[in-house]
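Here is a short tour for anyone meeting this protein for the first time. Have a look at the fold, then read on for a walk through its parts.

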Amino acid sequence: MKSDVELIDSNGKRMDGRGFEDLRPIKIEAGVLHRADGSCYLEWGGNKVLVAVYGPREAVPRHTQNPIRAIINARYNMAAFSVGDRKRPGPDRRSREISKVISEALEKIVLTNHFPRAAIDVNIEVLDAEAGTRCAGLTAAGVALADAGIPMTDIPAACAAGKIAGQVVADLGKEEDNFGDADLPIAISPRTGEILLLQMDGHLTQDEFNKAFDLAVKGCYTVSEIQKKAILDKYTKLEGE
């Protein structure tokens, strides 16, 4: 989608003043819901995301049970008021697709073999959407799972990169996502570098893809540090009470 919107100004800055490699401001808080087994609230630019984790518990109905491992039920939902034009309530094709890819990403990192016949429910609610909500949702889900004490090989971290006005940049904002040329969301295991999620919308040359991939991975490591600090802050606070 093309537009006359100026995504990069004459000084080489993006619309919000960021450089090409800068992420939007990120705030993460763990353990915000008392009735969930684990939870997280995340603000990433204009995104506001709340995640609640329940389980592991017996999977119902019984025919969904796997005798050798737990199943991960990630449910991604955008609230009707999360976007400018009111969204119809309930799941749509996009939310079902994002729910599926997040479930698959989490299954690669959660030690599901510890909980046969169980289910772990990860409810991701987007309260305010700007751009990059699947990365924000997966990042918050990782913190909520850690808060719930679910055993994992690592805490998954996600970030995106893309192409705007002929330039490869990190962490697209709303106008950049709407009027840019490509978007490349990625999730990794920061400890091993394993790719948990990789999608692309738009067109990139091989060199542009490599540059965008490197920028997104670099962003994932930045996000990972913020995740770890959020979890540490929760338990530091508990020890002080």
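Predicted model: local features only at pLDDT ≥ 70, side-chain atom pairs only at ≥ 80, totals over all residues.

The hairpin of β2 and β3 has two residues between the strands, and in it Gly45 takes a positive phi near 60°. On another side of β2 there is strand β1 (residues 26-30), paired with β2 in the antiparallel sense over five bridges. Here Ile28 has Leu42 in β2 as its bridge partner.

Is β2 mostly buried or exposed? Strand β2 spans residues 38-44, and six of its seven residues are buried, so the rest of the structure largely encloses it.

Zooming out, five strands make up an open sheet with mixed pairing, in the order β1-β2-β3-β5-β4. The edge strands are β1 and β4 (71-78), each of which pairs on one side only. Neighbouring strands in this sheet are turned against each other by 15° on average, with direction ignored.

The parallel part of the picture involves β4 and strand β5 (residues 118-128), joined by eight bridges. In this pair, Tyr76 stands opposite Ile124 in β5.

Here are the pairings side by side:

| Strand pair | Sense | Bridges |
|---|---|---|
| β1 and β2 | antiparallel | five bridges |
| β4 and β5 | parallel | eight bridges |
| β8 and β9 | antiparallel | three bridges |

**Helices on the sheet**

Helix α1 (residues 93-107) lies across β4 and β5, and it runs at about 145° to β4. Helix α2 (residues 133-147) also packs on the sheet, where it touches β1, β2, β3, β4 and β5, and its direction makes about 150° with that of β2.

How far does α2 reach from its first C-alpha to its last? The helix has 15 residues and covers 21 Å, close to the 21 Å expected at 1.5 Å a residue. As for burial, 14 of the 15 residues of α2 are buried, so this helix is largely enclosed by the rest of the structure. Just after α2 comes Gly149, with a positive phi of about 75°.

Ala187 stands opposite Leu197 in β9. Six residues lie between the strands of this hairpin, and Gly193 there takes a positive phi near 80°.

Leu23 and Val217 are 194 residues apart along the chain, yet their C-alpha atoms are separated by 12 Å. Leaving aside neighbours within four places in sequence, the contacts of Leu23 include Cys159, Ala170, Gly219 and Val223.

Two peptide bonds deserve a look. The bond from Gly55 to Pro56 is cis, with omega near 5°, and Pro56 is found in strand β3. The bond from Val60 to Pro61 is cis as well, with omega near -5°, and Pro61 belongs to the loop between β3 and β4.

Then there are residues other than glycine with a positive phi. Arg117 has a phi near 65° and sits in the loop between α1 and β5; at 44% relative accessibility, it counts as partly exposed. Ala165 has a phi near 50° and lies in the loop between β6 (157-164) and β7 (167-170). With a relative accessible area of 54%, Ala165 is exposed.

**The chain as a whole**

Altogether the chain has four helices and ten strands. Its radius of gyration is 18 Å, close to the 18 Å that the globule rule gives for 241 residues, so the chain is as compact as a globular protein of that length. The C-alpha trace spans about 55 × 45 × 35 Å along its principal axes.

Of the 241 residues, 49% count as buried. The accessible surface comes to about 12200 Å², and 50% of that belongs to carbon and sulfur atoms. Finally, among contacts between residues at least 6 apart in sequence, 67% join residues at least 24 apart.

Conventions: Residues numbered from 1 in each chain as written. Heavy atoms only, no water. Buried < 20%, exposed > 50% of the residue type's maximum accessible area, 1.4 Å probe, protein only. Pairing = 2+ DSSP bridges. Axes fitted to C-alpha atoms, helices over the stretch in contact; angles between N-to-C directions. Contact = heavy atoms within 4.5 Å. Rg over C-alpha atoms; globule rule 2.2 N^0.38 Å. Areas by Shrake-Rupley, 256 points an atom, 1.4 Å probe, with all protein chains shown as cover. Expected span 1.5 Å × (residues − 1).
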